Amino acid sequence: MFLNIRLSYDIGLHLPELQMKGVSLKGLHVVLRDPQPGQRRHLGRIENMQGSLLSLSEAHADAEVKVGDTKLEGSRENFSLVLEAILKGGKRKFEAALEQVEARYRLGPDFDKRVEEMGIFLQKKPINLGAGLEATVGERIIFSNDGQTPTIYSAPPVDYVFGRSGSPVARYAWDGLAQNGPYDRTSFAKRNPKLLVIMPKAAKGKVEQFLTGFRNGLGASNKGFPTGFMKVMGLASLEYDLCPVDLAGVARNAVASTYRNAIENKLSGEAQYDAAIVVLQNDHADLPGQDSPYLQTKSMLMTLGIPSQEIKMSTITQAANSVGYTMRNLAVSLYAKLSGIPWTVHHDQTVADELVIGMGFAELSDSRVAERQRHVGITTVFSGDGTYLLGNVSKECAYSDYPDTLRASITGVLRDVKARNNWQPGDTVRLIFHAQRPLKGIDVDKIAFQCGREVGADQDVELAFLTVTEDHPFQLIDRSAPGSPVRYGAEDRKGAYAPERGTIVRLGRHTRLLATRSGTLILRALTPLPRPLLISVHVGSSFTDVDYLSEQVLKFTSLSWRSVLPSAMPVTISYSERIAEMLGRLKAIPDWSTVALSTKLKFSRWFL
């Protein structure tokens with residue numbers, strides 16, 4: 001038995017009440033208010049409400065139901081919309097209060113106490129499971145190193161590498177960058193990049209000030225970003241071409257088209273750009289769908305093969321003591337979008353070639369009716385040291401066609417890498433596949449293995465398929481971990497009871513738990529106790545060194561070029577999830593197409 005504590009959302013107000021309070025109901029998902037055992041809860045999306053009847057689009061059964069039998073689905077999105085309509089300016093205050101209450105259950109010491117109390121309660125008497133069948137609750141599981149093989153061990157710390165020879169190395173990403181420059185500093189092609197900067201005309205002065213500080217640095221007195229993007233990355237020059245957007249008197253639903261028209265006019269000339277920066281006012285950054293200026297501009301720029309970076313005005317106007325640290329992350333992300341390699345990780349390669357392949361998928365139709373759904377497969381390929389090689393987004397397809405589409409996509413990617421890396425007959429090649437969640441009814445692991453064997457028919461191919469996920473019932477508690485101060489000199493602490501990053505627990509022959517967040521990587525005092533990653537190696541794998549594979553997963557959490565800090569998930573998973581998120585948002589743009597992702601942007605980290 002596993003005990004866990006989670007926050008769930010429920011919206012009990014009837015639909016007419018919500019409508020009276022200003023909630024726009026059209027398009028929101030609804031469920032049965034009182035479902036019977038075995039009855040499907042989800043009904044569809046609201047199309048129209050007339051008196052006591054509710055008309056549905058994308059309905060699973062009846063397209064018309066009684067209003068009183070339904071309620072809004074308790075999703076995070078619906079909950080947020082209802083709060084916004086009811087509380088308006090008080091929404092943030094409510095959310096802050098809710099976070100405080102949630103912390104009493106989910107911070108390390110509090111979570112430990114609640115589980116202990118529940119365990120004592122459940123141990124009082126047997127639990128009746130059915131006729132003549134009972135269960136008793138035992139003691140909590142405590143991992144210790146009493147046997148010959150340690151149950152718990154610490155993986156070696158990850159070393160960041162800043163040169164093709166394997167040196168120099170550094171323990172922290174930004175320290176290594178500032179001291180040595182990026183990994184590919186001697187071969188980087190775009191040493192004189194030209195950036196298109198799209199921004200609100202009214203903020204031109206503030207934006208120019210930010211851009212100058214980013215290019216040249218904030219001075220020796222600023223510890224976060226003293227020397228600037230040009231010097232850190234070893235560039236010869238950095239040119240900005242400004243595109244002010246006049247938003248005076250423009251309605252919110254016309255902001256996106258105003259940005260788009262400004263860019264179209266700018267791009268009508270002969271100028272060529274290596275990347276773009278899109279600056280948005282805060283209240284425009286979260287505009288949905290077609291009204292989003294970021295999605296409209298990103299769609300247009302990507303079609304032309306120009307990766308873009310969004311920056312909010314709240315970032316531009318940050319205090320001097322914090323903006324430098326934000327510029328660090330911007331520098332890494334922008335350099336990667338220019339096809340640069342900021343760093344890799346130390347890796348002792350023992351075979352001719354080792355590839356780590358992230359596999360994900362995106363559902364593009366936003367429909368829960370299966371026959372309307374459209375899927376794409378997402379593949380990201382890395383070398384064993386974490387160098388990003390290429391990404392691929394398959395063509396859109398129906399669910400029933402997904403296996404064949406995925407097979408064609410993976411095979412094509414592997415053939416590209418085989419030619420690029422010059423595999424020779426008899427070479428030992430190791431292919432390691434990472435996936436976060438399988439698709440129901442589709443054996444993705446078998447498809448991956450078939451593709452690997454087919455492409456590597458002339459090689460000695462070692463195959464491993466891992467699922468890497470946070471969606472599991474396990475939680476790790478280390479009562480000896482005091483956490484770290486919220487800030488220098490503060491008494492409040494964060495991350496108490498979180499195991500040290502790199503802690504690995506051997507659950508079984510093919511499974512491990514891996515802690516990836518602790519100490520300084522937990523940024524806020526109210527952040528809940530982080531969940532470890534559950535790593536499972538498929539039994540059909542021919543390469544089954546689970547400890548090696550788990551330590552490699554840890555290394556790949558240090559390879560995210562969205563930040564100078566390690567991420568919770570390995571980039572094989574987080575990049576695929578990021579691509580899926582962006583594709584899900586871009587589908588709202590009528591003329592958007594994924595074609596550029598497999599052509600002009602195939603080798604770009606456009607999604608960072």
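Modeller: The centres of domain 2 and domain 4, taken over C-alpha atoms, are 30 Å apart. The contact between them (heavy atoms within 4.5 Å) involves 14 residues of domain 2 and 16 residues of domain 4. This is a predicted model, in which local features need pLDDT of at least 70 and side-chain atom pairs count only at pLDDT 80 or more, while totals for chains, interfaces and linings use all residues. Residues are numbered from 1 along each chain as its sequence is written, and side-chain values use heavy atoms, with hydrogens and water left out.

In the domain assignment, which is automatic or taken from a database, domain 2 is made of 105-128 + 144-150 + 473-530, and domain 4 of 344-470 + 536-598. Together domain 2 and domain 4 bury about 1,200 Å², of which 62% is on carbon and sulfur atoms. Buried area here is the accessible area (1.4 Å probe) that two parts lose on being put together, summed over both. On the side of domain 2, Arg501, His510 and Arg512 supply 42% of the area buried against domain 4, more than any other three residues.

Arg512 also forms a salt bridge with Asp547, with the closest N and O atoms 2.8 Å apart. A salt bridge is counted when a side-chain nitrogen of Lys or Arg lies within 4 Å of a carboxyl oxygen of Asp or Glu. Between domain 2 and domain 4 there are 3 salt bridges. Polar contacts are found for 7 residue pairs across this interface, both residues being at pLDDT 80 or more. Such a contact is a pair of N or O atoms within 3.5 Å; within protein, one must be able to donate a hydrogen and the other to accept it, and residues adjacent in sequence count only if both atoms are side-chain atoms.

Two strands, S23 (503-506) and S24 (511-514), each supply at least two residues of the side of domain 2 that touches domain 4. S24 gives the most to that side, with 3 residues. Strands are DSSP runs (E, at least two residues), numbered from the N terminus. By class, this side of domain 2 has 5 nonpolar, 4 polar and 5 charged residues. Ala, Val, Leu, Ile, Met, Phe, Trp, Tyr, Cys and Pro count as nonpolar, Asp, Glu, Lys and Arg as charged, and the others, Gly among them, as polar.

Key:
Helix = DSSP H or I, 4+ residues; strand = E, 2+ residues; numbered from the N terminus.
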